[in-house]
Amino acid sequence: MSPPRRSSSSHGDRTSTETLQRNNSSNSGVILDISALKMAEVDTEVPPLPPRYRFRDLLLGDQTFQNDDRVQVEFYVNENTFKERLKLFFIKNQRSSLRIRLFNFSLKILTCALYILRVSLDDPEEPNYKPCAICGNNSWSNTTDSSKINWELIFWVHRRVPVWAIQVSVALISFLETMLITYLSYKGNIWEQIFQISFILEMINTVPFIITIFWAPLRNIFVPVFLNCWLAKGALENMINDFHRAIQRTHSAMFNQVFILICTLLCLVFTGACGIQHLERAGKHLTLFDSFYFCIVTFSTVGYGDVTPQIWPSQLLVVILICVALVVLPLQFEELAYLWMESQKLGGNYSRHRAQTEKHVVLCVSSLKIDLLMDFLNEFYAHPRLQDYYVVILCPTEIDIQVRRILQIPLWSQRVIYLQGSALKDQDLMRAKMDDAEACFILSSRNEVDRTAADHQTILRAWAAKDFAPNCPLYVQILKPENKFHVKFADHVVCEEEFKYAMLALNCVCPATSTLVTLLVHTSRGQEGQLSPEQWQRTYGRCSGNEVYHIRLCDSKFFGEYDGKSFTYASFHAHKKYGVCLIGVKREDNKSIMLNPGPRHIMAAADTCYYINITKEENSAFIFKQEEKHNKGLPVTGLYDAPSRLPVHSIIASMGTVAIDLQNPDPPEESGKLTLPTENGAGSRRPSIAPVLEIADSSAILPCDLLSDQSEDETNQSDEEGSVGSDFVKGYPPNSPYIGSSPTLCHLLPQKAPFCCLRLDKGCTHNSFEDAKAYGFKNKLIIVSAETAGNGLYNFIVPLRAYYRPRKELNPIVLLLDYPPDNHFLEAICCFPMVYFMAGTIDNLDNLLQCGIIYADNLVVVDKESTMSAEEDYMADAKTIVNVQTMFRLFPSLSIITELTHPSNMRFMQFRAKDCYSLALSKLEKIERDKGSNLAFMFRLPFAAGRVFSISMLDTLLYQSFVKDYMIAIIRLLLGLDTTPGSGYLGAMKITEEDLWIRTYGRLFQKLCSSSAEIPIGIYRTESHMFSTSESQVSINVEQGAEHTERRDTWKEKASHRNSTTSDQSEHPLLRKKSMQWARRLSRKSAKPSSRAERISQQRLNLYRRSERQELSELVKNRMKHLGLPTVGYEDVSNLTASDVMNRVNLGYLQDEMNDHQNTLSYVLINPPPDTMLELNDIVYIIRSDPLAHMPEDSQVGQARGTRNQQDFGTETRDETHL
């Protein structure tokens, strides 16, 4: 069917259209037939399509006929009427309305300027001044009488023709614009539009000028044009709002309110000055400046009185202005104060200009506590190159009062900005300028009861920060190890429970590991305690300033000369010459850091060296004088050849930025061979220490002690021992409790233990043991008290079951849990040997006895999650502290390692009220805190001895990673959380009487490097002090030089006694004195009364005088008898000999109330100077090399698979290990 022709259907089209219209009008309520409508449309005439559609039809061909009934529709946002278009241009569109408002504001300012011009040209005191054309020839009386008012001067002014013409033009434009805006904004109520203040002011200032166009005599009538300042104020406010809407940015409400207040004050002053000046034309004839001066003096409440209005109209105007000011200004100030208070709660904005010109970091926290803030600020700003950084804190809660007080201190107020907001809102991240930040620290709230929920919040914050600013480095703190993989994308992640449990585990085998790591990750200059009269405090404080630094070998003076030499050679000689301890290295082509890679590692120029020192090498100056000595003909001597001189390594180990005078940078080879002191004048010698070779020689270096111990343990053990240790194999744990745990080669059981066998206190079908005594363990137990069996406990077990631990030294591990563990956790630990659990708490004596506390050497008390949240923050540790104090009284020989929530509570650990020496240390702590020390708590005896630990101390590890990005990796390697092929591990060795011939720490360094390729990094030292009452009560006064000298002499005497190599009791005055006290006490107990009556009275007296120690002993024995446990394992202090007591005191285990003036001092010396004398029972921290790195590849594979061919393994170790 061909389409109808449009030219021949005009009449028919009109007919059909008229018919359709009639149908529509007659059937207004009926739905039309769609087919009839379409037929009617076909009959109508269709106009031709535009050219672009015809061209499209030409291209598409016949396809266009398929869409013949398609109609193009144009959609409009607003109604397409003339009024709506004008409304869109003048009101709705931000950019166009901004231009209109700017033009309107300019007109109002112009009218005010024209008014001032007219006032300056109008002088009513002229002799022929006749502004009124209606008044005719009336004479103007310019009298100065204040009682008469010349009203003509008020109603009429002299307006020159050019000024009048401009004012009329401006008024006409303003009038037309006002009428147009009123018409466009009309909404049905005309009176609402008319009675608006702005409309009334416009009419007052424009209509009189328009009338003067048609009636010339009114050209000089007074019009209050100065009222246009209020219209200019409104136009300016609207213009600023439109401006911010146009640029799509929100402006500060505080700024807006301040701006409104300033504009209101200016308008009041301008209105008063112009009004008073005009009214005073009929009185005193004040100038405009005089009126302005009067208004300023009046509104400032000064009121000099030298300029005052004289006639009542101007005085009435002043009264009205004051009333208006009293009403308007307080409202403005109230709004401003409210916004200021709100802005103080929310914080301000960190401007984009500051973000682009200054460096800043963002700290995101759930709640900001004063301790967390000060730890972050002190550690962050401890680095010199971070002094110009700004810290922007983003926290969703309102700022705390204590935090606000701290941030008002000038030291922090200029560098710390607090913003209240959420990291999940892009608007708040924009306020903090996250995209321009140098780093973002996201910290978890460890005080939450639900730590998993706290981790979830941290994860969302990390995701939001990464989404908003993908290029900003993230430093994330997570609590639970199972949540760590969610933030794996972050640049640096610290998992709290991983570090905590690994550190507590190492505390059991390497005493005070927590103190060692805490001191390493804190920034300090080593100045703490230097003014103390106690020698141990000065030494301990100086060594605490050692930190880990890095430098490239080719750029270093410390290590540059060791290019091409072995690692152990470089480490020993660098420590011998400069006092620095080289602990690790990283190849240029390898991203992994290796701790003590061993003598097979040859140093290269591109290697990055990691070393421990007081300060980094860049802050040291070197002065070499060996060439001068050669020129003068002086003999060249080694460092150990002149013991009377002050050693160079002591200088660099005790100072920061120093100039080092090196007597001999290259000592002769024979200086490495050190001889023993002669005995009784005889000339006999023991073998000297072998030199450290530049290149490893397998024939000259003995295998490491670890493997030799393992070989002896595996090859020479007795049948009885073999029944216990021969069932262990080496391999990787088959089940990891969470994603992201580093695989570690461990001692494992050949087959997984059944879950029923893991229960210590209940027998099963496999064994009938119900207490620790029945198991017959060879080694002392390690008991861990925790609330739940979290995945972090897995990191406690792994370091204690690592493959490098000798089998004969493995301690049984007992988990004392408040709630029984789930099967998922049991599945992860059932492969480890000698790991058991038991349900119970530490505040139940029966549970402690059943888990074998009398057979334990270490008890680890983990902070419970349920007690971390308390009404008073610092009371969160109350239950733990009291329970530990109870165990300290019940089991004085037990080493208790406690975790606390707040570091400040560590002063209550092992608390003794009559200990005056602890009170003196408390004063020292306050002195160090006043000096601004970051480690004021370091002199507390429990912390120095490694008996107490708080995970918040490790927060500085995350902060320090901003400057030292390698710190987290090094600490993880030290704690055994990560295992890198070729990297060593942290161990410890004890100085016995057979080792005292080495004499100094430097000689020990040489012996370890030359024999077993081990690197010592510090000493754990225990001292016993006895103070009289007078000595203990002397406060530590840094200004008393005489006391300082006297105590230093006392220290020298004690040191000379401790350095003695003989074990004779007569050379230990403290031991002799103690044994005499015990002998007298035992003799008093053994004395028998002469008669029966005296014996009865003596027994009664003994009951009254029975000590607390005896009462506690009886309590424990009674409970053991009630539980059916043997009491022979419980050692009462009263039954110990004097030598046993002194041994326990020296180990830091025994502190009893029977002598409140006795103090056991244990502390850590990090990287002490080489001339430090070794003492008996010193424990040396060493980094052993990885034994698997020196083994054949087939041996490593066999070990990883858990083979049991131990005889061959021991032989291969001795033959193939070349150190």
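This is a predicted model: local features need pLDDT of at least 70, side-chain atom pairs count only at pLDDT 80 or more; totals for chains, interfaces and linings use all residues.
1. Ground rules. Local features need pLDDT of at least 70 and side-chain atom pairs count only at pLDDT 80 or more, while totals for chains, interfaces and linings use all residues. Numbering runs from 1 along each chain as its sequence is written, and side-chain values use heavy atoms, with hydrogens and water left out.

2. Aromatic pairs. The whole-structure search turns up 37 of them (Phe, Tyr and Trp rings, the six-membered one for Trp, with centres within 6.5 Å; planes under 30 degrees apart are stacked, over 60 edge-to-face, the rest tilted). One is stacked: tryptophan 191 with phenylalanine 195, at 5.9 Å centre to centre and 25° between the planes. Both tryptophan 191 and phenylalanine 195 are exposed (over 50% relative accessible area; buried is under 20%, partly exposed in between, using a 1.4 Å probe and protein chains only).

3. Phenylalanine 441 is in strand E4 (residues 439-442) and tyrosine 959 in helix H35 (residues 955-960), so the pair ties together parts 518 residues apart in sequence (helices, H or I, at least four residues, and strands, E, at least two, are DSSP runs numbered from the N terminus). Both residues are buried, and they belong to one aromatic cluster that also includes Trp412 and Phe962.

4. Charge over ring. Arginine 219 puts its charged end over the ring of tryptophan 164, 4.1 Å from the centre (the cut-off is NZ of Lys or CZ of Arg within 6 Å of the ring centre and within 35 degrees of the ring normal).

5. Helix H37. In H37 (residues 1001-1011), 10 of the 11 residues are buried, so the helix is largely enclosed by the rest of the structure.
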